[in-house]
Amino acid sequence: MLKKYFLLIIASGLIITSCGDAENKVDKDNSVDSATVSDKKIPDTNSAPSGTTRGLDIGTEPDDILMNIDNHLVSKATFTSAGAAGGITNGSVTVENTLPDATIQKAFVEVSILLADGKEYRTDYYTVQNIEPGGKKTVKIPNTTRGNSIVCHIVKLKSMELTKGEMILVGSRYVPN
């Protein structure tokens, strides 16, 4: 029994001795600690130098763009009419980014199918991603047996230049900070 205690004490002493210099071993390690990352100051690429609008060369403030997003992120619907009874076939919505210096990471498009009398038959939401300045993205919409026209609007948007990378409501739903 005495031998077991003696071996336990010796083993404990060796472990403590080998770990006693642990702080120096961590300093030599090249891995990055999360506390170290959060303490470092990362420059804000979205902050605007005085006299500019968050890096945008356009003459419009981001709030004005976001309130009137359908003028800058233009969405157009194309389809084939299914005949006199109504209906939509081969439908698609194309979203064009007319902003010269803003990339759209993600946008939600509200697509409403209207009946002949102007009443809303159905509303669907589609996502378009990564629209470069001057670029276009197209999404297909399903065929319907009813409906005579399509109305589409951008309702939600994510852009580093306009929204600082946050997904926010835009257009008539936009509330400036």
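1. Let's start with S112, which sits in strand β3, spanning residues 104–114. Strands here are DSSP runs of E with at least two residues, while helices are runs of H or I with at least four residues, both numbered from the N terminus. A word on the source: this is a predicted model, where local features need pLDDT of at least 70, side-chain atom pairs count only at pLDDT 80 or more, and totals for chains, interfaces and linings use all residues. Residues are numbered from 1 along each chain as its sequence is written, and side-chain values use heavy atoms, leaving out hydrogens and water.

2. Is S112 buried or exposed? S112 counts as buried because its relative accessibility is 8%; buried means under 20% relative accessible area, exposed over 50%, and partly exposed in between, with a 1.4 Å probe and protein chains only.

3. The side chain of S112 makes a polar contact of 3.2 Å with that of T123. Such a contact is a pair of N or O atoms within 3.5 Å; within protein, one must be able to donate a hydrogen and the other to accept it, and residues adjacent in sequence count only if both atoms are side-chain atoms. Beyond its neighbours within four places in sequence, S112 is in contact (heavy atoms within 4.5 Å) with E120, R122, T123, S149, I150 and V151.

4. Now for the sheet around β3. Four strands form an open, antiparallel sheet in the order β4-β3-β6-β7; strands pair if DSSP finds at least two bridges between them. β4 (120–131) and β7 (167–169) each have a single partner strand, so one side of each is left without a neighbour in the sheet. Between β3 and β4, which run antiparallel, there are 10 bridges, and I104 has I131 in β4 as its bridge partner.

5. What about the largest nonpolar core? This core has 26 residues, of which L73, V93, V95, V109, I154, L157 and L162 touch the most other members. A nonpolar core is a set of buried Ala, Val, Leu, Ile, Met, Phe, Trp, Tyr and Cys residues joined through side-chain atoms within 4.5 Å. β3 gives the most to this core, with 5 residues. Apart from its neighbours within four places in sequence, V93 has contacts including V109, V111, V139, I141 and C152.

6. Finally, the whole protein chain: 6 helices and 7 strands are present, and 28% of the 177 residues count as buried.
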